[in-house]
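Welcome! Please take a moment to look over the model below, and then we can walk through it together.

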Amino acid sequence: MATDNECHDPGDEAAALHQPSRRRFLQSAAAAATVGAAPNLRAQAQTPVAPPVQTPAPVPPRPVELNVNGRAYTLQLEPRVTLLDALREYAGLMGTKKGCDRGQCGACTVIANGRRINSCLTLAVMHEGETITTVEGLASNGALSPLQRAFIEHDAFQCGYCTPGQLCSATALLQEYRNGTASVVTADVRKRPAKLSDDEIRERMSGNLCRCGAYANIVAAIRAAHEGSGQDANAAGAHSHDNA
Ligand code: FES
Ligand code: FES
């Protein structure tokens, strides 16, 4: 620090006035930033406020007739109710499971007119007049289907949450094979393979996920039902096909 006794060179002070000090530089930069931001602040203040979203009035329920597992149901449903919710919440058939509710897991698979579908991705009103089979409809007169027995014998589940969807999907899969439907791993799509290989089963079941990872046993159970080892492959799915 300079003291009163120190000499000051007037030339040095003049030079200091003309050299940009660090403080002066920071003050200039802050002033420039404020000027630059001002238009943005004004623009933000002037952004128009979006009008409130108008929620459409709910469409009143109307009677929807569904044929599920051979029984006729007349349900009072809004048009936006999915088939999955109609089955679980309105018909009381809780066997069909809701996993992802967006078509990714297959837990909600049911059979509609012989085709397996994700019931979370379709509206109940779209299936009036169709024949729907859920896992509750796979057994016949209290007797499990051969495929259901194969799942038990091959320990093809752990928690069982995905199992209703797996069973419906596999039931329809065996019928698709009998109908000659090809998959993307079928070597020659012009003729039905002599039997379902494990690759065919895995590919055809690829829409059904199992968080417990019971895939190896699921494939084994389907293969057993298909080959009829202790099972009658032709009977597997016959009940659902009859319903369809
Ligand atoms: S709940 Fe339908 S696909 Fe997952
Ligand atoms: S057995 Fe648990 S998710 Fe498949």
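The paragraphs that follow go from the sheet to the helices and then to a few single residues.

This is a predicted model, in which local features need pLDDT of at least 70 and side-chain atom pairs count only at pLDDT 80 or more, while totals for chains, interfaces and linings use all residues. Residues are numbered from 1 along each chain as its sequence is written, and chains are lettered from A and ligands numbered from 1 in the order in which they are written.

Let us begin with the sheet. Helices (H or I, at least four residues) and strands (E, at least two) are DSSP runs, numbered from the N terminus. Strands of a sheet pair through backbone hydrogen bonds, either parallel or antiparallel. Two strands count as paired here if DSSP finds at least two bridges between them. In this model, five strands make an open sheet with mixed pairing, in the order S2-S1-S5-S3-S4. S2 and strand S4 (115-118) are the edge strands, each pairing on one side only. From one strand to the next, the twist averages 40°. Angles run from 0 to 180 degrees between N-to-C directions, and axes are lines fitted to C-alpha atoms, for helices over the stretch in contact.

Now follow S1 in both directions. On one side, strand S1 (residues 62-68) runs antiparallel to strand S2 (residues 71-77), and seven bridges join them. Here leucine 66 stands opposite tyrosine 73 in S2. The hairpin of S1 and S2 has two residues between the strands, and asparagine 69 takes a positive phi near 55° there. Across from asparagine 67 is threonine 131 of S5, and valine 68 has isoleucine 132 as its bridge partner in S5.

Next come the helices. Helix H3 (residues 83-90) lies across S1 and S2, running at about 100° to S2. H5 packs on the sheet too, touching strand S3 (109-112), S4 and S5, and its direction makes about 35° with that of S3. Helix H7 (residues 215-227) has 13 residues and reaches 18 Å from its first C-alpha to its last, close to the 18 Å expected at 1.5 Å a residue; the expected span is 1.5 Å times one less than the number of residues. The buried residues of H7, among them Ile218, Val219 and His226, pack against helix H4 (146-153), helix H5 (163-178) and helix H6 (198-204). Just after H7, glycine 228 takes a positive phi of about 75°.

Which residues does leucine 84 touch? This residue is found in helix H3, and its contacts include Thr96, Lys98 and Cys108, not counting residues up to four places away in sequence. Two residues are in contact if their C-beta atoms, placed from the backbone, lie within 7 Å. Leucine 84 is buried because 23 other C-beta atoms lie within 10 Å; a residue is buried with 20 or more such atoms within 10 Å of its own C-beta, exposed with 12 or fewer, and partly exposed in between, with C-beta atoms placed from the backbone.

Finally, visit two loops. Most residues other than glycine have a negative phi. Aspartate 101, in the loop between H3 and S3, has a positive phi of about 65° although it is not a glycine. Asparagine 113, in the loop between S3 and S4, likewise has a positive phi, near 50°. Aspartate 101 is partly exposed, with 15 other C-beta atoms within 10 Å, and asparagine 113 is partly exposed with 14.
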